[in-house]
Amino acid sequence: MDVSQTQFSAQLKRYYSFYTVGFIVFVVILGILEQLLVPNRIIGYLFLFATILLYAGIGFMTKTADVAEYYVAGRRVPALFNGMAVGADWMSAASFIGLAGTLYASGYDGLAFIMGWTGGYCLVALFLAPYLRKFGQFTIPDFLGERYGGNLPRLVGLMAAILCSFVYVIAQIYGVGLITSRFTGLEFNIGVFVGLAGILVCSFLGGMKAVTWTQVAQYIILIIAYIIPVVWLSVKYTGNPVPQVAYGYALQKVGEREKILNDKSTPEGAKEESVRAIFRDRAHFAEERLKGLDSGGATFLTQEKGKLEATLAELRTATPPTDPHVIDLAERAVKDFPKDEARARAAWAVEKTGNLAKASPIRAHAEPFAGKDDNAREVSRRNFLALVFCLMVGTAALPHILMRYYTTPSVRDARQSVFWSMLFILLLYLTAPALAVLVKFEVYSHLVGSSFSHLPAWVSNWAQVDKALMAITDINKDGIVQLAEITIGTDLIVLATPEIAGLPYVITGLVAAGGLAAALSTADGLLLTIANGLSHDLYYKMIDPSAPTSRRLIVSKTLLLGVAVLAAWVTSLRPGDILFLVGAAFSMAASGFFPALVLGIFWKRANKFGAVIGMLGGLGVCMAYMYLTYPFFGVNAPKWWGIEPIAAGIFGIPVGIIGVILGSLVSPAPGSRSDDLVDFVRYPNSEGEMEPAAF
Amino acid sequence: MQITAKHRAYWNRNLGVTALLLGIWFVVTYIPAYFARELNDIVVMGFPLGFYMGAQGSLVVYLLIIWFYAGHMNRLDKEYGVDEGEID
C-alpha cells in the first residue's frame, strides 16, 4: 500500500504538471490566434467549450462503479491534491468574481468575508478533519447517525445538509449562467443549462473520484486566471510583481486621493461637490414627491403625471424645435410613471436612497465600520464581528467541504491536507484585497479627471455591455469625469481587470474560464453532497439496507440528475442576491451542524436527544430570524441588536450548543457503543467495528 | 477498545494544544477586528495596521496555526504510539 501510494502521488504530480504546461500552451495558442485577428467571440467560445470538454474528459476517464470510489474517491487522494480539490470546492463564483468587487465597494467592512472564509479552516483543522477521517464513512449525516444512534439524528442532519447545500448550489448555478451568457452571448437560461451539462458529465460518471480529479484541474485554471492579471496590474502601477506587498503603496495613494476629492476647497473637490449637489437635489425632489403622496394620495399622483405630460407637450411644440433626445427622455418619463400609489412609493423611495448615497462623500477604503454617528459605527462593528463568526463556524460545518476530508489515505494526511487547503485558498484570498485597491487606484487617479471625449477603452466597452456593471454620465455637464458620476457594479472589478491592465482579450477569456471553473467545481461538490446524502443516508441506510451496490449507484445517479435539474430550474427564476444566498447557507450550516458534530467528538455525554434538539433549535432560530428580517420575505420585523439577517447564525449557534448540552443532560447518558465510537475517532491507530476497510 | 493511562495522557495533550491554538485563533481574529479603528493609526509599509490584519496578518497566522497543529499532532501520535504506521 505505501509503495503504491507514493507511486500514485508521483504519477499525479507528473500528470498535473503536464496538464498545467498544456493549459498554458493552449492559452498562448489562443493569444496567437487573437493576433491573427480571430474575433473575440470565437476566442471566448473556444475557452468555454474547451474547458468544459476537458472536465467532461476527466470525468469520463475516471468513471467508476465501485462504491468507495464513487462516494469517497477510494480514500487515496494525497494531502496536496486534496488541498487543491478543497480549494476549488471552496472557492465559488462569489469568491472568484464577487469578492474583489465587494472589497472595492465596502473597503474594510468587506474584509469580514476574507477573514471568515479563511479563519474557519482553523476550526476544520482543530475540531473536525482528523476525527471525521478516522471515522471514515461516507457522508456527514453518517457521523450523526452512528454517533447518536437511530435514524432521527441522521434524518435531521440530512435535511440540514440538503437545505444549506441547495441554497448554496443555486448561487453557483447563477454564476455559471452569468459567465456563459456574458462571454458567449447565449441567453441566461440557456447558459445555465449548458453549464449544468458540464457539471453533470463529470459527477454523473465518476462521483467523488471524478469530481476530485476535475476539481484539481479546475483549481489550477482558476488560480492562474486570477493571479496573472493582478500581477500585471501591480507591475504596471507599482513596478512590483508581488501585488500582496505592493498594494500598500497604492492604498496610500488612494487615501490621498480620497482626501482631495472630499475637500471642497480643492478644484477637484469642488467639482465633486457640484455633482453631489445635483444628486442631493434629485433626492430632495423624490422626498417631496413622497411627502406629496402621503398627503395627496391618488390625486397627487395624477397631478404629477399631468405635470410631466404638460412638459412633454411644451417641448414638442417649442420653437426652435427641441433636441429629439430631450423629447425622448420626456416621453420615457411619462411612459415609466408609476401606475399606482404602492408602486410610486417604492420607486420614489429607491430613488431617494440611491441619490442620497451618491450625494454623500467618499468613504475611506481602509476605514472600518463607517457610520454617521457613534451608534451607527457600533452597530456596524457588531455586524462585522458577528458575520466573521458565522462565516468561520459555517466553514467548519458545510458538508461538501467536510466530506472532502474523508478522501485522504490517513488521519495524518487529513491534518496535512487542511494545511494545503488553506495555503491554496490563501493564494486567492490574499490577492483579492490587493486587486480591489489597485483598481481603485486606477479609477481615483486616472479615470477621475479624464475627459468624457477620451474615456479609457475599458470604460466605454463595459458601459456598452451592461449598464449595471459600468455606468458613466456627465451629470454636471463639464466634460470631465468626476467620481460621483461613475457607477461600478461589483462583478466588474474582476471581469474588467485584464482590460484595465492593458492585456489582450485572450486574458479576459482566461478570466471567464477561471470564473466558470470556480462555479462549476463548487456546484459539483454541492450536488454530489445532496445526491449522496439522499442515496446513502436516506435510501441505503433507512429505506433499504439490503440494496445491492449497483442499485445504490443507480439511485444516486438518478437523484443527482433530478436535483441538478431542479436547482437549475430554481436558478432560472432568479431568486435574491448571490451574496445573501451564500451567507445564508453559512449561517444555516453553522447553526445546524457545528454544535452536534463538535460536541459529538469532544463530549462523550452528548446524546441523541440533545443532538436532535440542538440541530433543530439552532437551525430553527437561524431560519426564523432570516424570515423575520430579510426584506425578500416581506415581514421586516425589527432586528435584534441591529444584527443583519446574513449573520443570523450568531443567534442560531448558541441555541444549537445550549440545545445539545441541555437536551443531553435531561436525558439518559448514551450507551457504551457511543463511547466506543468516540474513542475510536480520537485515537488514530485504534481498531474497531467502524474500520472503513470492513465495509 | 481498551483505553489506557497513556491514551488519556495523549488525549489531554491534544486538548491542551487545541485549546492553546483556539486561543490564538480567537485573539488574532477578534482583537484586531474589534480595535481596527484604533490600530489604523499605526501604518506599516503603507498599510494601516487594522486593515492589514484583516487583509493579510490574521490570515497568515491561521495558516501557521494549521501547519503547527498538523506537525505537532503527527509527532504526538508517534510519541504515544497511536500513529497509524506507514500508510503513505
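In helix 27 (residues 672–682) of chain A, the residues A:Ser674, A:Leu677, A:Phe680, A:Val681 and A:Arg682 are buried. A residue is called buried if 20 or more other C-beta atoms lie within 10 Å of its own, exposed if 12 or fewer, and partly exposed in between, with C-beta atoms placed from the backbone. Helices (H or I, at least four residues) and strands (E, at least two) are DSSP runs, numbered from the N terminus. The buried residues of helix 27 of chain A pack against helix 6 (111–135), helix 7 and helix 24 (594–602) of chain A, together with helix 1 of chain B.

A word on the model itself. This is a predicted model, in which local features need pLDDT of at least 70 and side-chain atom pairs count only at pLDDT 80 or more, while totals for chains, interfaces and linings use all residues. Residues are numbered from 1 along each chain as its sequence is written, and chains are lettered from A and ligands numbered from 1 in the order in which they are written.

### Chain A as a whole

Chain A has 27 helices and 2 strands. Its C-alpha trace spans about 95 × 65 × 45 Å along the principal axes. Buried residues make up 52% of the 695 residues in chain A. Of the contacts in chain A between residues at least 6 apart in sequence, 81% join residues at least 24 apart. Here two residues are in contact if their C-beta atoms, placed from the backbone, lie within 7 Å.

Two packed helices are described by the angle between their axes and the distance between the axes. Axes are lines fitted to C-alpha atoms, for helices over the stretch in contact, and angles run from 0 to 180 degrees between N-to-C directions.

| Helix pair in chain A | Angle | Axis distance |
|---|---|---|
| Helix 7 (residues 140–148) and helix 8 (residues 151–184) | roughly 160 degrees | within 7 Å |
| Helix 10 (residues 243–262) and helix 18 (residues 431–447) | about 35 degrees | 8 Å |
| Helix 24 and helix 26 (residues 649–665) | about 40 degrees | 8 Å |

Helix 7 and helix 8 of chain A are therefore roughly antiparallel to each other. Angles under 35 degrees count as roughly parallel, over 145 as roughly antiparallel, 65 to 115 as roughly perpendicular and the rest as oblique. Helix 7 of chain A passes helix 8 of chain A in a right-handed crossing. A crossing is left-handed if the near helix is turned anticlockwise from the far one by less than a right angle, and right-handed if clockwise. Among the residues making this contact are A:Leu144 and A:Tyr148 of helix 7 of chain A, and A:Leu158 and A:Ala161 of helix 8 of chain A. By class, the contact has 7 nonpolar, 3 polar and 1 charged. Ala, Val, Leu, Ile, Met, Phe, Trp, Tyr, Cys and Pro count as nonpolar, Asp, Glu, Lys and Arg as charged, and the others, Gly among them, as polar.

The crossing of helix 10 and helix 18 of chain A is left-handed. Residues in this contact include A:Tyr247 and A:Leu251 from helix 10 of chain A, and A:Leu438 and A:Phe441 from helix 18 of chain A. The contact divides into 10 nonpolar, 3 polar and 3 charged residues.

Helix 24 of chain A, one of the partners of the buried residues of helix 27, also packs against helix 26 of chain A.

### Where chain B joins

The contact between the chains takes 50 residues from chain A and 42 residues from chain B. Helix 3 of chain B gives the most to the side of chain B that touches chain A, with 17 residues. That side has 26 nonpolar, 10 polar and 6 charged residues.

### Two loop residues

Most residues other than glycine have a negative phi. A:Lys477 has a positive phi near 55 degrees and lies in the loop between strand 1 (470–472) and strand 2 (486–488) of chain A. A:Lys477 is exposed, with 10 other C-beta atoms within 10 Å. In chain B, B:Met45 has a positive phi of about 50 degrees and lies in the loop between strand 1 (43–44) and strand 2 of chain B. B:Met45 counts as exposed, with 12 C-beta neighbours inside 10 Å.
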